Amino acid sequence: MRTTYNINLISLKSFSLFIVIFQALLLFVACSPDPIYVSIDNRIGALPETVIDPADNPRTPEKVALGRMLFWDPVLSGNNDVACVTCHHPNNDYAERLDLSIGVGGHGLSFNRSGDILVKRNAPTILNTAFNGIDEGYLYDPANTVMFWDNRSKSLEEQSLEPIKSMEEMRGNVYTADVAIAVVSSRLNAIPEYVTMFNNVFGEGTVIDGDKIGKAIAAFERTLIANNSRFDQYVEGDETALNAQELRGMNAFVSANCVACHNGPMFSDYELHDLGVPNNSKLEQIDEGVNGKFRTASLRNLPKTGPYMHNGVFKTLTDVVNFYDNFERNDADAQQIDFDNNPDTVAAIVAFLKALSDSEFDKTIPESVPSGLPVGGNIE
């Protein structure tokens with residue numbers, strides 16, 4: 001009996017100690033600033049696994065391969081020196097690391113690029129542009145969405161042709177904007193490999209024109225998807241995908257009402273807003289956008305796609321977040337933004353924004369292009 005009594009007494013003491021420890025853990029978790037799990041606000045969400053194609057431009061492997069060649073071939077530019085990839089290189093997450101890109105006549109890539117002609121606006125990433133226009137309900141129409149900082153084009157097919165017509169970006173002064181697409185089409189029709197590729201995609205006897213060029217480039221761009229960020233993984237149920245600081249940042253991002261404009265899977269409402277962004281001193285004229293307004297930028301894959309804003313005036317994400325503490329609140333949606341602008345909160349929001357990145361996307365660089373020109377233009 002004595003031995004039994006001693007065992008029961010030890011068990012009782014152990015159980016009491018367990019209760020004390022358990023209560024202390026509960027108190028710690030309740031008071032801890034580092035939440036173990038944070039529910040997702042219904043105004044933001046993970047990107048879809050698949051992309052919707054326009055009814056008149058379904059993707060095929062052959063069309064994507066053709067679009068890739070066109071994307072990398074400087075034959076699309078006036079002086080045969082600039083390709084789409086010159087300002088949207090995979091090493092930079094298909095964006096540009098300069099505040100304002102250096103277009104025609106330039107040499108080198110990104111930080112090493114030099115030249116006299118500046119593009120008027122910052123070159124954003126084209127990763128995930130296949131999802132442009134997607135809303136909180138995951139609805140979007142790829143044939144009628146929005147492109148560019150001023151929403152002037154309504155599809156990737158339209159957007160892909162505009163740089164070819166732009167003097168600063170690709171055209172130069174070799175010919176005028178109104179004939180740019182016709183001149184480029186004529187060049188492509190004179191290259192046997194392109195004729196074969198276009199025939200394989202669009203049918204025998206195809207005459208290469210702007211419509212087909214745009215469809216091929218758009219088909220390729222719709223393969224440039226980065227939809228498996230740690231945030232996406234968290235939304236899909238992996239509670240360990242985000243750390244405590246990133247979770248605090250997500251809470252601050254939502255509670256500050258950044259989601260008023262940065263919502264949906266792409267963290268953009270794709271609307272035009274007047275934020276009073278400072279001017280870039282490199283520009284001779286102030287860019288007014290559309291009555292002072294510019295489109296809400298997506299927040300996907302930000303770390304390697306800065307500088308930021310339509311004119312690249314902010315070098316870091318910390319600069320961007322701090323801007324929203326004292327910016328001119330000319331816009332009704334922007335007036336709703338209100339957050340505790342202390343260093344810890346700013347750092348947490350920046351950490352969350354970085355967690356919206358996915359580095360697993362197509363980075364294939366062709367060994368050559370059908371024109372025989374330098375791959376990517378004068379970027380070496």
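Asn128 is buried, with a relative accessible area of 0%, and in this predicted model the residue also has a positive phi of about 70 degrees although it is not a glycine. Met309 likewise has a positive phi without being a glycine, in this case of about 80 degrees, and its relative accessibility of 13% places Met309 among the buried residues because buried means under 20%.

**Backbone features by loop**

- Asn128, with its positive phi of about 70 degrees, belongs to the loop that runs between α3 (84-87) and α4 (156-159).
- Met309, whose phi is about 80 degrees, is placed in the loop between β2 and α12.
- Pro307 is also found in the loop between β2 (294-295) and α12 (317-326), and a cis peptide bond, with omega about 0 degrees, joins Gly306 to Pro307.

**Burial and surface of the chain**

- Of the 380 residues in the chain, 53% are buried, and Asn128, at a relative accessible area of 0%, is one of the buried residues.
- The accessible surface of the chain amounts to about 18,000 Å², and carbon and sulfur atoms account for 53% of that surface.

**Contacts along the sequence**

- When contacts in the chain are taken between residues at least 6 apart in sequence, 70% of them join residues at least 24 apart.

Definitions and conventions:
Residues are numbered from 1 along each chain as its sequence is written. This is a predicted model: local features need pLDDT of at least 70, side-chain atom pairs count only at pLDDT 80 or more; totals for chains, interfaces and linings use all residues. Side-chain values use heavy atoms; hydrogens and water are left out. Helices (H or I, at least four residues) and strands (E, at least two) are DSSP runs, numbered from the N terminus. Buried means under 20% relative accessible area, exposed over 50%, partly exposed in between (1.4 Å probe, protein chains only). Contact means heavy atoms within 4.5 Å. Accessible areas come from the Shrake-Rupley method with a 1.4 Å probe; for residues, only the protein chains shown count as cover.
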